[in-house]
Amino acid sequence: MKRLVYGLILGLLAALMWSGLTSAQGDGPRTVTDDEVNAIARQLYCPVCENTPLDVCSTEACRQWREVIREKLEQGWTEEEIKQYFIDYYGARVVAEPPREGFNWLAYIVPPALILLGVGILIRVVIVWKQAAAEEQQLAAEAEPDEEDEYIRRLEEELQKRR
Amino acid sequence: MLADFGFGILLLTFIAALYAAGAALYGALKDVPAAVESARRAMLLTFPLISVASAILVYLLATGRFEVEYVYSVTSRSMPMYLKLTAWWGGQAGSLLFWAWLLSLFTSAVTLRKWDRDREFLPWVVVVGSVTLAFFLGLNIFVENPFARLWSTVEGIGPHTFRPAGGQLFIPQDGRGLNPLLRHPGMVFHPPLLYLGFVSFTIPYAFAIAALVTGRTDDRWVRITRRWTLVAWLFLSLGLVVGARWAYDVLGWGGYWGWDPVEISAFMPWLTGTAFLHSVMIEEKRNMLKQWNMLLIIMTYDLVIFGTFLTRSGVLSSVHAFAQSAIGPAFFIFIGLTFMLSVGLLMYRWHDLKAKEQMTSLLSREALFLFNNLLFLSIFIVSFWGTIFPLISELVTGQKITVGPPFYERATAPLFSAMLFLMAIAPLSAWGRSTVKTLGRIIWKPALLSLLVPLFIFFGGIRQWAALLGFWLVALVTFVTLHEFWRAARARQKRWGESLPVALWRLAGRNRRRYGGYIVHLGMALMAIGILGIEVFQTETQRTLSVGESVTLEDYTVTFRDLAVFDTNDGRRVYRAVMDVYKDGQYVDELHPRVDYYYDSQQPMTIPGLRSTLVDDLYILLVDWEQVSLQNSTFKVYHNPLVKWLWIGTLVFMLGLFISLLPDREPAPVRVTARSAAQPIRR
């Protein structure tokens with residue numbers, strides 16, 4: 001019985017050591033593919049190569065930035081952490097859109113506000129036009145033919161005859 | 001000597017343009033026809049003068065006269081002759097001269113027209129044309145002289161128009177050469193096409209200003225400039241598409257449009273110009289929106305100048321670069337002055353331009369065109385704000401920020417979708433009045449048919465809602481437009497007993513503006529297929545391969561066969577890979593992605609290996625390679641579905657525009673006898 005207990009304990013220890021070994025292997029630097037690097041790099045812009053995303057920029061500086069992304073990914077950093085790292089070092093211009101904070105909110109608010117204003121103006125213009133058209137029609141319907149106009153009187157007569 | 005002569009001619013042209021503006025102004029204000037005629041002749045004189053100056057510059061470029069700073073900066077001995085010639089517009093000073101040359105050509109051409117009915121417009125058209133010309137010539141003379149030569153002085157070597165005290169002429173052995181990115185057939189045609197578009201819009205603007213000053217509130221200026229506007233729009237559109245093709249072939253990022261501020265600067269006048277193109281039809285048909293059309297053409301003209309300012313002033317790099325450059329403030333002042341004067345004039349005539357007609361239906365064609373205008377202007381607002389916001393941010397907070405593709409794509413995608421929807425229904429509505437019932441009666445058949453397309457692709461396994469919606473809208477535009485052709489041709493068949501092909505042919509001949517416009521819409525729908533394909537379905541992968549290894553993307557397998565390195569006699573070191581392409585296991589093609597390294601400018605250029613079919617494009621870039629053994633190289637492979645339809649759509653679009661530009665065929669004369677003429681008309 002004792003042998004069995006010792007055997008179980010030894011087996012358990014061996015299993016724990018094995019699992020510890022394998023998990024230790026899993027925590028080490030993992031292999032990062034170019035595609036993983038590019039997935040983050042395409043959201044970043046280096047300060048020198050204006051308006052060229054980092055994933056396609058062929059300069060040496062951008063190549064080094066991509067290597068930094070690879071290293072960070074190997075160390076287990078998340079996408080957001082890596083982006084924040086570049087923002088902290090080089091400023092907000094490295095990301096494809098202005099961060100949604102402070103003055104930058106204007107970038108997001110002004111276009112829809114102006115477009116809504118345009119829609120409002122358009123609706124108002126159309127309403128005014130339609131009202132004017134309706135009033136004109138009403139006036140035309142109410143208008144009596146000028147009795148003194150001989151031509152209109154004869155025309156009305158002719159039309160009456162045709163009916 | 002020749003450079004001095006060129007500068008002298010440029011100076012004379014500038015004086016002629018100033019004289020034309022002054023004489024035309026005097027003639028118009030004091031009612032002196034002789035002065036106006038003198039101004040017209042001075043305007044005509046600018047063209048041969050500036051042509052001589054341009055010919056001198058082109059000669060200097062072709063013969064490699066590197067003592068001229070411009071020649072030194074944009075050419076080199078190893079460049080092929082066609083690139084030396086097109087280097088005319090390859091740099092700042094030359095491109096400004098090219099702009100002025102085109103403007104002189106167009107304004108001279110317009111002053112040669114018959115002015116009998118519109119004599120009062122002439123002086124003001126000359127004023128606008130010559131003031132704009134004088135502005136660009138002034139930039140060439142005072143700021144960016146293409147004829148300045150390199151002089152060696154105690155302060156060093158630098159460009160000077162005239163010999164500085166104690167200066168010795170400096171003649172470099174070779175030039176710096178054109179930027180490698182610009183050494184592509186696309187770049188040979190892209191700038192002239194854009195400039196042709198830009199400059200052509202000056203003509204409708206000049207007539208609009210003439211109409212405002214003279215108080216002619218009828219639509220005569222719109223009718224005179226209809227073709228100019230179409231020509232301007234054609235060239236601007238072509239310039240944008242050729243630029244997109246160049247980006248696809250040269251920039252090496254697998255796409256054609258990156259929402260770059262330089263791209264947007266050409267896109268903005270296109271947006272307001274397209275709104276104008278639709279909106280003037282309302283003025284012609286319904287005598288409405290006169291004030292709006294004036295505002296649109298003023299905006300288009302100033303956006304043309306603004307686009308040139310953005311790309312030429314250095315403001316996009318930094319607001320401080322703008323302040324330091326001499327050209328930036330000059331542009332800024334010119335844009336400000338012309339915009340304020342034009343809007344001031346418009347305000348002055350505001351009441352006179354009020355519409356007599358009223359809008360009676362929200363579904364009438366004029367109402368739908370108005371919504372179309374709103375959409376174009378909305379995209380313009382997004383583009384404009386996205387372009388200038390980084391500058392405002394830098395100015396106010398000192399912080400530089402980037403406004404990149406995600407911002408524009410998110411904001412404009414719904415607007416473009418709404419535009420496609422309007423493109424489908426607007427041509428069906430009638431001028432004056434349309435109801436849901438009348439529209440529904442015409443549209444229900446093609447609309448029902450169009451629903452089959454998203455259903456078909458849904459059951460084909462595609463689940464992205466953007467693709468389903470996009471392809472439905474494309475199908476709706478296509479089927480509605482084709483149905484319109486079908487309805488009209490059937491009507492002709494019944495009326496005249498013509499066969500269907502003959503009926504279709506004659507249809508296009510009778511109302512070219514309308515049916516040309518329909519073909520333009522079809523072209524746009526095809527272009528939308530290409531845009532949807534690449535935007536929604538593009539995939540990519542990057543892999544380092546040893547010789548003989550493969551990478552797989554979608555249905556394609558690409559095998560790296562070898563990499564060769566060699567020098568060419570035009571000054572390049574070429575790194576060229578050979579890739580075998582297999583589709584579904586079958587060998588289909590051999591592609592050669594390469595990198596060209598230019599010795600003179602010390603810049604690399606990435607040229608993709610491209611296999612293009614109606615279904616998809618396989619696009620391979622050589623990213624990196626092992627320098628010594630050449631056995632391992634890194635490749636980026638893109639799969640771009642349907643993108644070829646973007647270029648096919650452009651061809652259809654051009655065909656439609658050409659048809660729109662042709663004058664309508666006059667109806668065949670009908671022989672009328674005295675007896676038949678005397679008969680009362682029976683209904």
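Helix 14 of chain B passes helix 15 of chain B in a left-handed crossing (the near helix is turned anticlockwise from the far one by less than a right angle). The model is predicted; local features need pLDDT of at least 70, side-chain atom pairs count only at pLDDT 80 or more, and totals for chains, interfaces and linings use all residues. Residues are numbered from 1 along each chain as its sequence is written, with chains lettered from A and ligands numbered from 1 in the order in which they are written.

Helix 14 spans residues 365-397 of chain B, and helix 15 spans residues 405-425. Their axes lie 10 Å apart, at an angle of about 165 degrees. That makes the two helices of chain B roughly antiparallel (angle over 145 degrees). Helix 14 of chain B contributes residues including Leu368(B), Phe371(B), Leu375(B), Ile379(B) and Gly386(B) to the contact. Among the partners from helix 15 of chain B are Phe407(B), Tyr408(B), Leu415(B), Met419(B) and Ile425(B). Contact requires C-beta atoms, placed from the backbone, within 7 Å. The contact residues divide into 13 nonpolar, 4 polar and no charged.

Chain B as a whole has 21 helices and 13 strands (DSSP runs of H or I, at least four residues, and of E, at least two). The radius of gyration of chain B is 28 Å, close to the 26 Å given by the globule rule for 683 residues, so chain B is as compact as a globular protein of that length. The rule is 2.2 Å times the number of residues to the power 0.38, and the radius is taken over C-alpha atoms. Those C-alpha atoms fill a box of roughly 90 × 75 × 55 Å along the principal axes.

How values were computed: Axes are lines fitted to C-alpha atoms, for helices over the stretch in contact, and angles run from 0 to 180 degrees between N-to-C directions. Angles under 35 degrees count as roughly parallel, over 145 as roughly antiparallel, 65 to 115 as roughly perpendicular and the rest as oblique. Two residues are in contact if their C-beta atoms, placed from the backbone, lie within 7 Å. Ala, Val, Leu, Ile, Met, Phe, Trp, Tyr, Cys and Pro count as nonpolar, Asp, Glu, Lys and Arg as charged, and the others, Gly among them, as polar.
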